[in-house]
Amino acid sequence: MTGTIAVRVSNVSKVYPNGVKALDRVSLEVAEGEFLAVLGLSGSGKSTLLRSINRLVDPSEGTIELFGRDVTRAEGKALRALRGEAAMIFQQFNLVKRHSVLTNVLTGALGRVGGLRSLLMSFPDDEVAYARACLKRVGLDDRASSRADALSGGQQQRVAIARALMQKPRVVLADEPVASLDPALRHSVMRHIEALNRDEGLTVLCSLHDLDLVTRYATRVVALREGKVVHEGPPSAFTKALLHDIYGQDAHFDHEEVLA
Amino acid sequence: MKRCLREGGDVKPVARLTQRLTARGTALLVDALLVASVLLMAQFLWLCLFVPVAGTPLPSARDVLERLSYGALSGVAVLLAAAWQLWDRSPGTAFAAPRGHSAPGKPWDETFSGFFLLIFVELTFFTGWLVTEVDLHQLFTNFHKAEGILRGLLHPSGAVLFEGLILLLQTIYLAFMATAFAIPIAFVMSFMAARNLTRKTAKARFLYVFVRSVMNFARAVEPLVWALVFISWVGIGPFAGVLALFIHSVASLVKLYSEQIESIDPGPMEAITGTGASLLAVLRYGIVPQIVPPFLSYTIYRWDINVRMSTIIGFVGGGGIGYILKPRVDLGEWGEVGTLVLLIAVTVWALDVISARVRERIV
């Protein structure tokens, strides 16, 4: 770890037009190279927090910096450049279903490859080669020409990881990346995200609700409740007793889905 | 406009006040219209049924409509509507409430509003019967007067068969060209008319309202009227018909296309935006792949509709088979009319079957 701050969130609030307050003066710092797990019930603001970092959601107040550059006030080309540095992985994979796996990976390059050619699905040779390399990394190089929706859920999420890698990002924002997968497949996907963190040195912010996964992969945990940071610390500190404390007495932790 | 306010003006008190005033105004307007209609319809029925005009057994609907007290009853209706809103939950209040905010309460048939709406619908039906001068006696006793026409239609003459076939070809091409010209323009405009893409900035919201309004206007004007406009512009003939159907097709396709864009899965769009892609790339990869099949389906359907419409367009001089149909109707040559009608019917039927089949295969 170099000690550089990759993501700095300062006093960020988000109120949606329907009046829901999703984030309430959230502040946190993520050092370069960290694997930060964001924990919380659905509706606690995890997705909003992650989406504020690449401005898929516009925060109502506060500032967010990505490697010292203000994301919240960036517009146009500057915003697109910052988005290019933060790759996002989604719970529902969000692939372009009717396009091939390879094209889907290539869309990760759209931040740097512009122009008419890219709109006609024609990408430079070196980008195509890199896309194939990314697919190989997630073990799907043999499925490059399949249609994306022909793949299983776990495979689709691996394509999404390859798309993130294609972006050549410095930060990965993973929003519940394994929540819609079979429990048996979760580790296979999580291990690829872990590899992004360990082998590529990418900073990962990953929202999760499964305590086992948190303790297994994260280096640090932040817990959100009703849009506020209610706890922060190493994964080992998140015992079941503490979780009861965070989520209230109504929560049960006998099954792993309880925090869903 | 109301929706813009609701979505744009989140917590600002001024926006909230405007919003409430708009809702209140809409509610009052709706209630006043409802009450005024009920009062006027009651007066209409009263005049028709109980106040005979000297000399005629039943006065014509138009005469009675001219005698209604529009001003006075509208005034009374506004007062009653205002009183209603203070007293109880009125239909207008329910109409103006934001979506998802309808108050749960008693079943409709136990409320005064429900009773009122029932009366409203019943009055509308009886009034409508008299306004449109429904006459079952004529319908069931005068069949023989139309017998000649029907017989002619059922005994088509071969005299116009060749000419009809040629002009039928022209009709099909006419409809095709109108559709082809409309596709690219409607495609581009539909993105500007899609709610989900035009929420963020004030400029985008204006664009949405502007494009939607222009399109609604273009669609509200009958193709027949557009045909008359273009006939004086480019002269009688199929090109005027192409232009008339083109305008109408753009307007309809923008509506259908943009509704399709509004119902896409926003996920891929989010993902492509997140890569730092340009707006065009987001549209190209995040939206277009999702809308191509339904767009094709709508476009084929539109061509199908255009073939049907071009018959009527031809009546006023817009080319195609309708052009030779009109004089034969005027001269009462029912056999030849029968031939032409049959040709149109077969074409429309065939196109309908083919387009349904193709659309099934695409989606």
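Biologist: How much area do chain A and chain B bury between them?
Modeller: This is a predicted model, so the values are computed from it. Chain A and chain B bury about 2,100 Å² between them, and 59% of that is on carbon and sulfur atoms.

Biologist: Why give an area?
Modeller: The size of an interface is often given as the accessible area lost when the parts come together.

Biologist: Let's look at helix 13 of chain B. Is it mostly covered or mostly open?
Modeller: Mostly covered, as seven of the nine residues in helix 13 of chain B are buried. These are B:Gly267, B:Pro268, B:Met269, B:Ala271, B:Ile272, B:Thr273 and B:Gly274.

Biologist: What covers them?
Modeller: Parts of both chains. The cover includes helix 2, strand 6 and helix 6 (153-166) of chain A, together with helix 14 (279-315) of chain B.

Biologist: Take helix 2 of chain A, then. Which of its residues are buried?
Modeller: Helix 2 of chain A runs over residues 76-85, and its buried residues are A:Leu79, A:Leu82, A:Arg83, A:Gly84 and A:Glu85. Their cover includes helix 13 (266-274) of chain B. From chain A, strand 4 (61-66), strand 5 (69-70), strand 6 (86-89) and strand 7 (171-175) are part of that cover.

Biologist: New topic. Which domains does chain B have?
Modeller: The domain assignment gives domain 1 (2-134) and domain 2 (156-362) of chain B. Their C-alpha centres lie 36 Å apart.

Biologist: What about helix 4 of chain B: how far does it reach?
Modeller: Helix 4 of chain B covers residues 70-87, which is 18 residues. From the first C-alpha to the last it reaches 25 Å, close to the 26 Å expected at 1.5 Å a residue.

Biologist: Which residues of helix 4 of chain B are buried?
Modeller: B:Leu73, B:Ala77, B:Ala81, B:Trp84 and B:Gln85. They cover an arc of only 105° around the axis, so they are on the same side of helix 4 of chain B.

Biologist: Why would residues line up on one side?
Modeller: An α-helix has 3.6 residues a turn, so residues three or four places apart point the same way.

Biologist: And what is on the other side of helix 4 of chain B?
Modeller: There, B:Gly71, B:Ala72, B:Leu79, B:Leu86 and B:Trp87 are exposed.

Biologist: What covers the buried residues of helix 4 of chain B?
Modeller: The cover includes helix 2 (13-50), helix 5 (91-96) and helix 6 (112-131) of chain B.

Biologist: Now the nonpolar cores. How many residues has the largest one?
Modeller: The largest nonpolar core has 97 residues. Those with the most contacts inside it are A:Leu39, A:Leu135, A:Met190, A:Ile193 and A:Phe238. Helix 12 (residues 238-262) of chain B gives the most to this core, with 12 residues.

Biologist: What does a second core include?
Modeller: There is a second, separate core of 30 residues, which includes A:Val7, A:Leu36, A:Ile64 and A:Val222.

Biologist: Back to A:Leu39. What does A:Leu39 touch?
Modeller: Leaving out residues up to four places away in sequence, the residues A:Leu39 touches include A:Lys46, A:Leu208, A:Phe238 and A:Tyr247.

Biologist: A single residue now. Is B:Gly152 buried or exposed?
Modeller: B:Gly152 counts as buried because its relative accessibility is 12%, and buried means under 20%. B:Gly152 lies in helix 8 (residues 147-154) of chain B. Not counting residues up to four places away in sequence, B:Gly152 touches B:Trp334, B:Gly335 and B:Gly338.

Biologist: How far is B:Gly152 from B:Thr339?
Modeller: The two are 187 residues apart in sequence and 9.3 Å apart in space, C-alpha to C-alpha.

Terms used
Residues are numbered from 1 along each chain as its sequence is written. Chains are lettered from A and ligands numbered from 1 in the order in which they are written. This is a predicted model: local features need pLDDT of at least 70, side-chain atom pairs count only at pLDDT 80 or more; totals for chains, interfaces and linings use all residues. Side-chain values use heavy atoms; hydrogens and water are left out. Domain bounds come from an automatic or database domain assignment. Helices (H or I, at least four residues) and strands (E, at least two) are DSSP runs, numbered from the N terminus. The expected span of a helix is 1.5 Å times one less than its number of residues. Buried means under 20% relative accessible area, exposed over 50%, partly exposed in between (1.4 Å probe, protein chains only). The arc is that of the directions from the helix axis to the C-beta atoms. Contact means heavy atoms within 4.5 Å. A nonpolar core is a set of buried Ala, Val, Leu, Ile, Met, Phe, Trp, Tyr and Cys residues joined through side-chain atoms within 4.5 Å. Buried area is the accessible area (1.4 Å probe) that two parts lose on being put together, summed over both.
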